[in-house]
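Please walk through this model step by step, beginning with the whole chain and then turning to its ligands and to a few individual residues.

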Amino acid sequence: MQPVLIGKEKLEVVRSHIPQELYLLAELVSLEGARLYAVGGLVRSSLLGLPISDIDICSAILPERMIALCREKGFTVVPKGIDFGMVEVHIGGESFEHTTFRSDSYAEGGAHRPSEVRFSSSAEEDAFRRDFSVNAMYFDILSGEVLDPTGGLADLEAGLIRTTSPDPRTVLADDGLRIMRLVRFAAELGFDIEPASMAAARELVSNLADISAERIRDELNKILLADVKYGERSAERVLHGLTLLREVGALGVILPELLEGEGLEQKKEYHRYDVLRHALHAASEAVPALPLRLAALLHDVAKPRVFAETGKMHGHDVVGAELAREILRRLRYDNKTIDRVVFIVHHHMYDLDNAAKDSTLRRTFARWGYERSLDIAEIRIADVHGSGVITGKVATAERWKRILAEMKRENAPFSENDLNCSGADIIEWLGIPPGPAVADIKRRMLAHCAVHPRDNTKEGLKRLAFDICPKSGG
Ligand code: ATP
Ligand code: MG
């Protein structure tokens, strides 16, 4: 196939991302009478002037031959999936993922793994087993020529994610994960989805059910952090991704509970959106940390159910925390993430009217710990900004952050472990047996020192122990 012409400047940008070590490999491949290409993210992102994350390369060299060639040269090779033609090559400090040109066949259903792989000598054939045109451009390492069998360059110019085949149904039906990837690339790049690809995704969205929860989770995570993949925090990018997930129908497959909030309106005074749209907005407004974005997405997840049952929304935080746990377990999140998200959902309504006294806030924060308290301040901001009514500073969160900073400055304790005495000290001072009384005294010490951090010394705590428990021995 004929190479396409692209401007010299653009070519130089692509070339600037090719590490020297890769030329060694390209020479080796050339001696075999073949050409080595960079493909995927490297070509796409560098043409867009974006940073690249990993280096995917390909050629007609069969995987076993690639391994032998590399070993002869003393390069480290790690077979990553020989059946799929994937070999990782390490040269110097760099690593490259080499995939032999291939064409794939898939069984019925949308399972991610091809049922049959046939190696091929043609880049053009290889392009059509890939997902999207912008991911199927080939940069010839030695000659600097670009092959673009599926029209990726034009789509890059137009800001479109389009499947490699003119029949998007075959591409998306083969591997259900591609529906998540379609949305993910659109979100990360701020691109639109080409209409026929979008229509096919809608039609085939139930194929997502054939994809493992772990793979879906990983794509969802990327969509939730789409803005920071290449650049600055941007609510727009994340909202774009989440809105596309909904339009494609994927939310209904992976997070059906969220859809229960569709059309459920809230008090106009505080909310511009229904419960579902509020969740998407809140997630995109949250700081770019996965637990916060997940918590914002799920913070009101139980509102529809609680409302259906009681006619009110009161208590949706507590019910929502458990529902969030169930959802995150289903999507195979790790326990640390789950606990953090559940805590945020559970407490996201804390002191909504900003009525708590400073001392109450301090005691609460000392019990929660510094990071968790900060999470609650952050979810409040995301919740308020995600309402579509208020922008700018959020009074409660501002005040909490100020108090948290004060507490840090004053070296206030943020857990019983931060107290400068042990359970054994308390037992010795008061001459009481180990048991729940000791735990209770510790709790009260923490509450006291949250407000009076200076008393958190051995002497101060000893005095405090006698104040709390005056009838005891010493
Ligand atoms: P990133 O910048 O995230 O690494 P990428 O496009 O390089 O983006 P990878 O996941 O590294 O993405 O995959 C490399 C290439 O392999 C893709 O560009 C695409 O051509 C192809 N590819 C990856 N996964 C699939 C898939 N599920 N179906 C079809 N092609 C795929
Ligand atoms: Mg890549």
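The paragraphs below take up the overall chain, the ligand sites, a helix and some loop residues.

This is a predicted model, in which local features need pLDDT of at least 70 and side-chain atom pairs count only at pLDDT 80 or more, whereas totals for chains, interfaces and linings use all residues. Residues are numbered from 1 along each chain as its sequence is written, chains are lettered from A and ligands numbered from 1 in the order in which they are written, and side-chain values use heavy atoms, with hydrogens and water left out.

The protein chain contains 25 helices and eleven strands, where helices (H or I, at least four residues) and strands (E, at least two) are DSSP runs numbered from the N terminus. Its C-alpha trace spans about 90 × 55 × 40 Å along the principal axes. Of the 474 residues in the chain, 52% count as buried, a word that here means under 20% relative accessible area, while exposed means over 50% and partly exposed lies in between (1.4 Å probe, protein chains only).

Which side chains make polar contacts with ligand 1? A polar contact is a pair of N or O atoms within 3.5 Å; within protein, one atom must be able to donate a hydrogen and the other to accept it, and residues adjacent in sequence count only if both atoms are side-chain atoms. An N or O atom in the side chain of Asp175 lies 3.0 Å from a nitrogen atom of ligand 1, and a polar side-chain atom of Arg181 is 3.2 Å from a nitrogen atom of the ligand. Arg184, for its part, places a polar side-chain atom 3.4 Å from an oxygen atom of ligand 1. On its own, ligand 1 has 580 Å² of accessible area, and the protein covers 84% of this; such areas come from the Shrake-Rupley method with a 1.4 Å probe, and for residues only the protein chains shown count as cover.

Ligand 2 is a magnesium ion, coordinated by Asp54 (OD) and Asp56 (OD) at 2.1 to 2.4 Å. Donors are N, O and S atoms within 2.8 Å of the metal (3.2 Å for Na, K and Ca), and water is not among the atoms, so sites may look incomplete. Asp54 counts as partly exposed because its relative accessibility is 43%, and Asp56 is likewise partly exposed, at 23%.

Several loop residues complete the tour. Thr164, in the loop between β10 (160–161) and α7 (168–174), is buried at 4% relative accessibility, and a polar atom of its side chain lies 2.8 Å from the backbone oxygen of Arg130. Arg332 lies in the loop between α18 (316–330) and α19 (335–347) and, although not a glycine, has a positive phi of about 60°; with a relative accessible area of 47%, Arg332 is partly exposed. Asn411, found in the loop between α22 (395–409) and α23 (423–430), also has a positive phi of about 60° without being a glycine, and Asn411 is exposed, with a relative accessible area of 62%.
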